[in-house]
Amino acid sequence: MTAATESKSKSPKPTDRFGNIIDPVVGFARGTIIRSSIDEARRLRQGQAVAADRVRKLGPRSIGVFTGNQRDFPLKPADLATLCEEWVGPGLFANDLREVAIAHLGGKSEDGVAVFNRTSAGIIATIAALAGGSPVISVVPPGGRSHASVIRGCAIARVELVEIGGDRDWRAALAKAMPQLVVVTTVTSALELLDDAITSAVVEATHAAGAIVLVDDAYGARLRPVLHGGKPGLALGADLAITNCDKAGLAGPRAGVLAGRANLVTAASAKGAEFGMEARAPIAAGAMRSLQSFRPEDLREEARSGQALAVALAEKLGRDIVSVSDLGPMVDEQDLLALVLRRAGRSAEHFGLVPCEVSSALGMVLLRDAGILTVNTHGQPGARVSLRLKPTLDAIERVGGQDAVVAAVDAALNHLAARIDEVTTISRLILGDQA
């Protein structure tokens, strides 16, 4: 089934402001270089190669991570021969993991916990296990959109996705769709925020309709309570909540922690195991250690440095282009293309690139020349393609300070403007030898 957000076959397909048709699954237009998720995977491999080359030449501290994902592995030496052992290890740390995860997500003592190899995997597994053949409603922050994993999860479960903003008539959508599962995204990857009062109202209405609520709290489990005085998803009454172990103040590893009603967690966990999405013992143990070591002040420090960077970048590029999020500056990929075209002194007519290709090329230049690692080079297929600089704790220091970051972005834009009509050059920049 196609998502409700997709246009009907007889309606005009949505386009960006340059007239490029938008892929409804990922929310951006594809071009001749980035044609599919396969090319996104090739871009990731090239980004890894560029980062590795820089580290070989300049050392590991020449890279600053601006994805917002720390991706450390906070295991203790004693954990390697005990908790990380595949057969006995999970049983040894199960209770500690459950207690810290429930506390983190605002749950109850009788709740269950499961760890997946990615938050996306946990969302897909939960939808596949619990959608029950009915449409899934996805309530998102105003102006936001569902994560690609919600869309792909509905495709795997062969159910319709009805996406609606929390500022719209989601009650009518709930009554019409009669879902068995409602997904609420509290904070999107672009850091759009859904008010806790709306989440609570959706939970109440969904329960009255006899359905289940999954809160996608990947960012929100920490960002809302620490920066906005909100509550974790389970404390808002949701049946299930999932968060990411390597963003918004958590150090890593990459993993998704699902908690909530024990029978529902078991169903999602079993479905995830069928798909090979479960986290193996070392990842699950690392997730536990990450939750145990969480310090709210680390997130506050990330927010302070990211917002200061956003103000500085806005002064350089323009306040109409740079938006200030909780964790750093963001520039829409279409604004990036317009900015590069303006610096190149040309119009968009007969232009050979789409915005996601320009933002990807920009990311490669930032990584190669300044060590600024972004989602534009290291995002998984389906990740947003806007420029989002969400510095981890020491990222700005590693690349020379705030002024150096701003100068690097400015220089990278000029670099692209000088080569913007060289599609082959841009292709090799994004994909390397795979172009």
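View A. The side chains of Arg 300 and Glu 297 form a salt bridge, 3.5 Å from N to O (a side-chain nitrogen of Lys or Arg within 4 Å of a carboxyl oxygen of Asp or Glu). The two residues are three apart in α10 (residues 296-317), about one turn of the helix; helices are DSSP runs of H or I, at least four residues, and strands are runs of E, at least two, numbered from the N terminus. The model is predicted: local features need pLDDT of at least 70, side-chain atom pairs pLDDT 80 or more, while totals for chains, interfaces and linings use all residues. Residues are numbered from 1 along each chain as its sequence is written, and side-chain values use heavy atoms, without hydrogens and water.

**View B. Salt bridge between Arg 35 and Asp 39.** The closest N and O atoms of this pair are 2.9 Å apart. Arg 35 is partly exposed at 48% relative accessibility, whereas Asp 39 is buried at 1% (buried, under 20% relative accessible area; exposed, over 50%; partly exposed, in between; 1.4 Å probe, protein chains only).

View C. Lys 57 pairs with Asp 53 at 3.1 Å between the closest N and O atoms. Four residues separate them along α1 (residues 37-58), about one helical turn. Lys 57 is exposed, at 63%, and Asp 53 is partly exposed, at 33%.

**View D. Salt-bridge network.** Asp 23, Arg 30, Glu 40 and Arg 43 are linked by salt bridges. The structure holds 27 salt bridges.
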